[in-house]
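Let's take a walk through this structure, one piece at a time. Keep the 3D view open and follow along as you read.

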Amino acid sequence: MLRYALKRLLSLVISLTVASLVIFFVIEVAPGDPASFMLGINAQPETLAALRAELGLDLSKGQRYLAWVGGLLSGDFGTSYTYRTPVADIIAQRLWVSLPLALYALALSTLIAFPAGIYAASRRGRAGDIGMMGATQLGVAVPNFWFAMMLVLIFAINLRWFAAGGFVGWDRGFWAGLHALTLPAVALALPQAAILARVMRSSLLDVLGEDFMRTARAKGLSARQALWRHGLRNALIPVLTIIGLQFSFLLAGSIIIEQVFYLPGLGRLVFQSISARDLIVVESVVMLLVFSVIVVNFIVDLAYAAVDPRLRLRT
Amino acid sequence: MSLLEISNLSLSIYETEILHDVSLAIETGEIVAITGESGSGKSMTALATMQLLPKGAHTTGQIMLRGKDLTQLDEAALCKLRGNEVGMVFQEPMTALNPLHTIGRQVAEAIRIHNPALGRVEAETRAAKTLTRVGLPGDQFPLSRFPHELSGGQRQRVVIAMAIARHPRLLIADEPTTALDVTTQAQILDLLKTLAKEDGMGLLMITHDLAVVADMADRIVVMRQGEVVEQGETKHLLTHMTHPYTKMLFEASAHQVSLPEAPSPQPLLNVENVTRDYKLPRKTLFGAPGHFRAVNNVSFDLQRGERLGLVGESGCGKSALTRAILGLEQVQSGTITLNGAPVFTDTKPNLNVRRKMQVVFQDPYGSFNPRHRVDRLITEPFYLLPDPPAGAARAKAIDEALIAIGLSPADAQKYIHEFSGGQRQRIAIARALIIKPELILFDEAVSALDVSVRAQILDLLADLCEAYALSYLFISHDLSVVRTITDRVLVMKSGEIVEDGPTEDVFQSPRHPYTRDLIAAARMLPSVEQEHAHAHPG
């Protein structure tokens, strides 16, 4: 198991190195001079030269890459051109919104999807299954911004249980922050839960057809005991894969929901930085997202091995 | 009162009738075998006894286990009964165990589910005892083993341990050795027999293998299409079988064909010092990957018109050798030539040679594209030809091939699902014959077929030998088939050919100890006409 974990860790480091090289050369080197690109065609030569020096563009590509990676490792992401503040601070601020939101939505999605999927699978072909699958179909089909607006209409405007938008920050305490993130988290979670429930159901149905489930029944387990003791864990692998993918999506892909609820998250930051041609911020956020995807995959790999002993042997 | 008494059992799944008026009984300590071909309802009878029937099943009649009618019990009572009074062993040991749980946990579960008051430690102690009993002693097979760390035979022992852990009165074994090699099969059958005797269990064996039936059972029940056609005490039934179906079944199992004389030897296929290695996954990240030597320095010749057999157990390298001969994979050393031309040149198969060889696979269901019609399926080898026949020539070739294998030219326009398993295997042979190959490889080509169908296919092969002077390599684990359908036989073990000689000589007086083990382990059917006293000893 330790050996497996170390191997996955090594592959994580290699992936990150390759990703950083790709990001650096695609964004920084490929399209000509980032300084003139950032300042536009009407820039003054002095301003341009100043920015070039600030960005370190007078150095060679290799030096610049090493300086950039060295900066990333020591927490220095550079300075944003538009905000005139360290990129690390901007990202940290946004991450304090986006990361809890993503985790919150993921937790909700899992909590909804597992029971729904298990319920549907255990009642295959019966009314409960058909109803549940109809509901998930709807959950996948409804656009999440429309759903988000409905949530605002009902829970913020009519019932006044939640604020319609904005984020109070964590200074007012954990529960106040969580309360503020609830509507966006629900809006994000439901479509994900619908997908996850469908995956859970089909994966569990595959397992229920396996020979060892029949063996479990022949031992004297009831259908329900067999499902919980032998079915569920075997059905987890595809579900873990989807959860891993969903987290990465939730972290950065929530721009529409952030827009609807007026949340200062990463998605909006990327969008604004691209509009403002603030390449340093874009580069850093992209690297951060790549980092999170790779780390999540690493965690999912470890989870696979925790679930399935056969994978612990695999190299 | 019998241990188990099934009377007038009928079973339908939705509207389809599966069993009709089945009656049979098992006494304590008795071994009863239900036999029959696929679709005879023998497995359904077993599942009905466990009351583990598929959705939509409806039964009438009685299944009395020690005076209780199982068809009348509710689910909770049945759960108490399964694994406790009735244990069951299944056909496929590779998939019958939960891959995520240790063997100790799975056996202990079978014990604890019926005795929740028992502590975990005590349950594990009992599990260890049961595993020792089935031949998996704790010093070699600790409870912490996972199923994937065991071989097929060892896994079947774990399944048996789960089934007998609670000392059930009745043990049901559904084709328990069909998926195993002959030597393993013999061990598992002996184990089942011993356990039944020691515990005084009734043993209900479901098997299609009549040699196993004749050897093990006290009584035999023969089923066909959901009905019992004949049953009786084994010795009596073997000597006085009355029903024509039973007679046909036993005759087909021991079916002999007479091959025409082989023509004078003339070299066709030459395999010389062939070695085939497969790469193993790397053990360390930067270390060189290891190798598994599937075929080790194998040499043999196949003469024109010769019918050569290749036998061996799973993992012995039969398939690797077959793929190498077909030029599907590159060998690491040695040469394979057909008529002196290599089957593999540089990095790809030599098409000039490839078109002179055809292959027939085991699975008559999986080896055809279901969306193509028969004419397209059997003319596929024409793609190998530089100028494939077209129009009338193509139609003529199709007609000839279909007639040769006993179908009619009109079948060319049908899809493959319209045919039975035996007919599909005939079509597979037609596909091999259509380009008049010089060599055909039969890779377990009759292993998936019922005995009566198998006998017909063997007859067909003998006829085709007469008509086309076929040369073939017949690869099989089934010794009785190889014995009748080949002139010469190779015995393969761990990648090497350990014995090579005329078939009858090898079977009569095997020289290599492994060949002797194989022949001893294979249960041979006692000759039906003989008095039972003369039947083979064991």
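## Starting with one residue

Let's begin with B:Gln358, which you'll find in strand 18 of chain B, a stretch covering residues 357-360. Keep in mind as you look around that this is a predicted model.

Is B:Gln358 buried or exposed? Count the other C-beta atoms within 10 Å and you get 24. The cut-off for being buried is 20 or more, so B:Gln358 counts as buried. Skipping its neighbours within four places in sequence, B:Gln358 is in contact with B:Pro381, B:Ala432, B:Pro437 and B:Ile440. As for B:Leu402, that residue sits 44 residues from B:Gln358 along the chain, and their C-alpha atoms are 16 Å apart.

## Chain A: helices

Now switch to chain A.

Chain A has 315 residues, and 32% of them are buried. Take the contacts in chain A between residues at least 6 apart in sequence: 68% of these join residues at least 24 apart.

## Where the chains meet

The two chains touch each other: 28 residues of chain B are in contact with 21 residues of chain A. On the chain B side, the elements that give two or more residues are helix 2 (75-81), helix 3 (103-112) and helix 5 (152-164). Helix 2 of chain B gives the most, with 3 residues.

What classes of residue does chain B bring to chain A? This side of chain B has 16 nonpolar, 6 polar and 6 charged residues.

Zoom in on B:Leu441 for a moment. Leaving aside neighbours within four places in sequence, the contacts of B:Leu441 include B:Thr322, B:Ile325, B:Met357, B:Val359 and B:Tyr472.

## A strand with both faces covered

B:Ala33 also turns up in strand 3 of chain B. Why is this strand, residues 31-35, largely enclosed by the rest of the structure? Because 5 of its 5 residues are buried. On one side you have B:Ile31, B:Ala33 and B:Thr35, and on the other B:Val32 and B:Ile34.

Strand 3 of chain B runs parallel to strand 8 (residues 202-206), paired over 4 bridges, and B:Ala33 has B:Met205 as its bridge partner there. Another 4 bridges join strand 3 to strand 9 (residues 219-224) of chain B, again in the parallel sense. In strand 9, B:Val221 is the bridge partner of B:Ile34.

## An antiparallel sheet

Last stop: chain B also has an open sheet of 4 strands, in the order 2-1-4-5, with antiparallel pairing. Which are the edge strands? They are strand 2 (16-26) and strand 5 (68-69) of chain B, each of which pairs on one side only.

Strand 5 of chain B pairs with strand 4 (residues 57-65) over 2 bridges. Look there for B:Leu65, which stands opposite B:Lys68 in strand 5.

Technical notes: Residues are numbered from 1 along each chain as its sequence is written. Chains are lettered from A and ligands numbered from 1 in the order in which they are written. This is a predicted model: local features need pLDDT of at least 70, side-chain atom pairs count only at pLDDT 80 or more; totals for chains, interfaces and linings use all residues. A residue is buried if 20 or more other C-beta atoms lie within 10 Å of its own, exposed if 12 or fewer, and partly exposed in between; C-beta atoms are placed from the backbone. Two residues are in contact if their C-beta atoms, placed from the backbone, lie within 7 Å. Ala, Val, Leu, Ile, Met, Phe, Trp, Tyr, Cys and Pro count as nonpolar, Asp, Glu, Lys and Arg as charged, and the others, Gly among them, as polar. Two strands pair if DSSP finds at least two bridges between them.
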